[in-house]
Amino acid sequence: MASHRRPKQPSRTRVTVLTATAAAAVALTSQAAQAAPKQDKKDVKEQVDKLYEEAEQATEKYNGAKEKQKKLEKQVGDLQDKVARGQEELNKLRDGLGSMATAQYRSGGIDPSVQLLLSSDPDTYLDKASTLSQLSGKQAESLRKIGDRQRALKQQREEASTKLTDLADTRKALGEKKSQIQGKLSKAQKLLNTLTAKERAALAAKEQERANRSNERVNLGDDVPDSQRAAAALAAAKTKIGSPYVWGATGPSSFDCSGLTGWAYQQAGVQLPRISQDQANAGTRIGRGELKPGDLVLFYGDMHHIGLYAGNGQVLHAPKPGANVRYESMDNMPFQFGVRI
């Protein structure tokens with residue numbers, strides 16, 4: 001007969017361990033659920049900051065292409081005007097040569113000596129013959145020069161047209177890149193919009209506090225500008241604190257980074273190139289220890305960001321999309337070198 005035994009009950013110790021393990025798992029899951037949103041928020045902010053930097057890089061490239069295109073358009077226009085004037089001059093010479101050729105053809109059937117004998121006024125004939133010969137030579141030389149010039153202008157026009165087409169393609173590609181970045185910014189903004197109103201307000205307050213602290217409590221030290229130009233440029237830039245960063249803007253109400261530095265020095269009577277990479281070559285390069293207020297300061301390896309040194313390790317600049325002109329510590333960005341205008 002089979003024996004019926006009661007199943008073995010788990011020991012009190014085993015139950016306690018299992019219970020503790022389950023509780024720990026629940027606690028970890030709860031902690032992970034709470035930690036995840038914080039990590040996501042941080043990731044979103046980092047993504048937005050990264051996209052802002054990429055947008056600034058694209059803006060400087062776009063500004064450069066646009067500036068080159070404007071120069072090429074002027075060059076092409078000048079060349080086309082020269083070609084038109086040369087063609088008009090050439091047409092007039094051809095008309096003149098045609099008339100003279102007809103006259104010479106008509107008189108060419110008679111031997112010059114016979115023409116001389118038949119002439120009622122030999123002296124007048126000789127004068128005309130000499131003048132015709134001289135004019136013919138001059139017109140031929142002029143025609144040769146204009147022909148050479150026309151060919152050179154045509155070659156230059158074709159070259160400029162090719163460059164202009166290349167730049168148009170570049171601008172189109174940069175425009176597409178800007179659209180892609182705008183799409184990324186829009187995506188990041190949507191992620192930011194998933195935050196509660198309170199969380200968004202807290203982030204905005206933190207950013208505003210940072211801006212206020214930078215602009216109102218900044219210690220610029222006792223350094224003085226190296227020149228009146230630098231002093232005037234820095235003074236002009238200070239009047240624009242709080243103005244928004246806008247792609248491609250050169251003032252007076254909004255700026256991108258090189259737009260601010262260019263506008264500031266324009267108020268001091270100095271015309272700087274449009275983009276940061278070109279402004280980097282507008283003066284003498286200096287190290288961080290040599291900086292004086294009003295000097296230009298370049299950041300990042302590709303020099304896509306620029307500002308004005310304000311003193312005591314502070315830069316006055318148009319930081320990025322979504323931010324306003326403000327002071328900021330140079331330690332917040334990878335400094336490359338300074339430029340003294």
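Mentor: Let us begin with a term: a residue is called buried if its relative accessible area is under 20%. By that rule, 32% of the 341 residues of this chain count as buried. Please keep in mind that the model is predicted.

Trainee: What makes Gln-69 count as buried?

Mentor: The cut-off is under 20% relative accessible area. Gln-69 has 10%, so Gln-69 is buried. This residue lies in helix H1, which spans residues 12-108. Leaving aside residues up to four places away in sequence, Gln-69 touches Leu-164, Leu-167, Ala-168 and Arg-171.

Trainee: How many helices and strands does the chain have, and in what order do they run?

Mentor: There are seven helices and six strands. From the N terminus on, the elements run α-α-α-α-α-α-α-β-β-β-β-β-β.

Trainee: What is the order of the strands in the sheet, and how are they paired?

Mentor: The six strands form an open sheet in the order S1-S6-S2-S3-S4-S5, with antiparallel pairing.

Trainee: Why do S1 and S5 stand at the edges?

Mentor: Strand S1 (284-286) and strand S5 (326-329) each have a single partner strand, so one side of each is left without a neighbour in the sheet. From one strand to the next, the twist averages 40°.

Trainee: What makes both faces of S2 covered?

Mentor: On one side Leu-296 and Leu-298 are buried, and on the other Val-297 and Phe-299 are buried. For Phe-299 the relative accessible area is 0%, and because the cut-off is under 20%, this residue is buried.

Trainee: Which helices pack on the sheet?

Mentor: H5 packs on the sheet and touches S3, S4 and S5, its direction making about 105° with that of S3. H6 also packs on the sheet; it touches S2, S3 and S4, and its direction makes about 50° with that of S3.

Trainee: Why are the buried residues of H5 said to lie on the same side of the helix?

Mentor: In H5 (residues 228-238), the buried residues include Ala-230, Ala-233, Leu-234, Ala-236 and Ala-237. They cover an arc of only 160° around the axis, which puts them on the same side of H5. The buried residues of H5 pack against helix H6 (257-267), strand S3 (305-311) and strand S4 (314-317).

Trainee: How many aromatic pairs are found in the whole structure?

Mentor: The search finds two. In one of them, Phe-255 and Trp-263 are 5.6 Å apart centre to centre, with 65° between the planes. Both of these residues are buried.

Trainee: Why is the pair of Phe-299 and Phe-335 called edge-to-face?

Mentor: Rings pair if their centres lie within 6.5 Å, and planes over 60 degrees apart count as edge-to-face. Phe-299 and Phe-335 are 6.2 Å apart centre to centre with 70° between the planes, so the pair is edge-to-face. This pair links distant parts of the chain: Phe-299 is in strand S2 (residues 296-299) and Phe-335 in strand S6 (residues 335-340), 36 residues apart.

Trainee: What is the mean pLDDT of the chain, and where does pLDDT fall below 50?

Mentor: The mean pLDDT is 77, and 69% of the residues reach 70 or more. Over residues 12-37 the pLDDT is below 50, and this stretch has one contact in the model beyond near neighbours in sequence. The pLDDT also stays under 50 over residues 113-118, for which the model has six contacts beyond four places in sequence.

Definitions and conventions. Residues are numbered from 1 along each chain as its sequence is written. This is a predicted model: local features need pLDDT of at least 70, side-chain atom pairs count only at pLDDT 80 or more; totals for chains, interfaces and linings use all residues. Side-chain values use heavy atoms; hydrogens and water are left out. Helices (H or I, at least four residues) and strands (E, at least two) are DSSP runs, numbered from the N terminus. Buried means under 20% relative accessible area, exposed over 50%, partly exposed in between (1.4 Å probe, protein chains only). Contact means heavy atoms within 4.5 Å. Rings of Phe, Tyr and Trp (its six-membered ring) pair if their centres lie within 6.5 Å; planes under 30 degrees apart count as stacked, over 60 as edge-to-face and the rest as tilted. pLDDT is the predictor's confidence in each residue, from 0 to 100. The arc is that of the directions from the helix axis to the C-beta atoms. Two strands pair if DSSP finds at least two bridges between them. Axes are lines fitted to C-alpha atoms, for helices over the stretch in contact, and angles run from 0 to 180 degrees between N-to-C directions.
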